[in-house]
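Hello,

Here is the structure for you to look through. My notes follow below it.

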Amino acid sequence: MADLFEELAASFDPVQATERARANVQRVLPKRFYKAVSVEPIDGLYRVLLDGKPVRTPGRNLLAIASLRAACGLEAEWAAQGGFVDPMTMPLTRLVNSAIDGVSREIEAVKDAVAAYAGSDLTCYRAGEPPRLDERQRLAWEPVLDWVRERFGVRPVATIGVIAVAQPPQLLSAIRAALPDDAIRLAAIEQITTLTGSVFLALSLLEKRLSADDVWLAAHVDEDWNAELWGVDSEAQLRRDFRRADFDAAALLLLD
């Protein structure tokens, strides 16, 4: 089972994880080997136990977290497994594993990667046409850019089209400085940023400027527009549901 989690933790990109999920459909999952799941306090953290034995991450670290609420979320994922243990149904466990085994060792590099999104943030690129889509983008994204200006003292540069525009260097520095040093919360921000394409939206959630639902909707203005025009096929809906589960897991860690 550790091998399955290791493969999923190999990349911090939850969108690519969707494709890995499809590739793993035919794999033989390990049988559930435990009956009882519980949470136990230890050294200021809460660790998950299976039949009284501590769960370990793929890196052989304890699956333990400071938040009791998040620990209960981990407990619920393990308890919800049926006859087989399927990592793809355990988004919170996968994210905490990645935070403990990966992000904790690469705090500065992850901060650099997250801050870099400010240079090409979703909320800075508008369609222009058709007018109704442009209006939806404006209503969803302009308040976010206004908040960024109020919070960091620099307003991001917005443009029409997909040609990249340079953002003020002081904005990127300010965004990086606002990122937490805690590996769990940083991993959550990284995941939300990757899923939404916007570090501005991720930070607006961190600082409780927007709710999780508002962030999700703002990140999917274009996708929802296309769905209204052309409908949604089952595979697209499956991918979106998978991404939403990852998003909700990250939001839980970020807002707890």
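A residue counts as buried under 20% relative accessible area, exposed over 50% and partly exposed in between, using a 1.4 Å probe and protein chains only. By that rule cysteine 124 is buried, at 0% relative accessibility. Cysteine 72 is partly exposed, with a relative accessible area of 35%.

Some background. This is a predicted model: local features need pLDDT of at least 70, side-chain atom pairs count only at pLDDT 80 or more, and totals for chains, interfaces and linings use all residues. Residues are numbered from 1 along each chain as its sequence is written, and side-chain values use heavy atoms, with hydrogens and water left out.

Next, helix H7. Helices (H or I, at least four residues) and strands (E, at least two) are DSSP runs, numbered from the N terminus. H7 covers residues 169–178, and its Leu171, Ile175 and Ala178 are buried. They sit on the same side of H7 because they cover an arc of only 65° around the axis, taken from the directions from the helix axis to the C-beta atoms. Pro169 and Ala177 are exposed on the other side. The buried residues of H7 pack against helices H5 (107–116), H6 (131–152) and H9 (199–206), where contact means heavy atoms within 4.5 Å.

Last, the strands. E1 (residues 37–42) and E2 (residues 45–50) run antiparallel, joined by six bridges; strands pair if DSSP finds at least two bridges between them. Valine 37 has leucine 50 in E2 as its bridge partner. Two residues lie between the strands of this hairpin, where aspartate 43 takes a positive phi near 50°.

Best wishes
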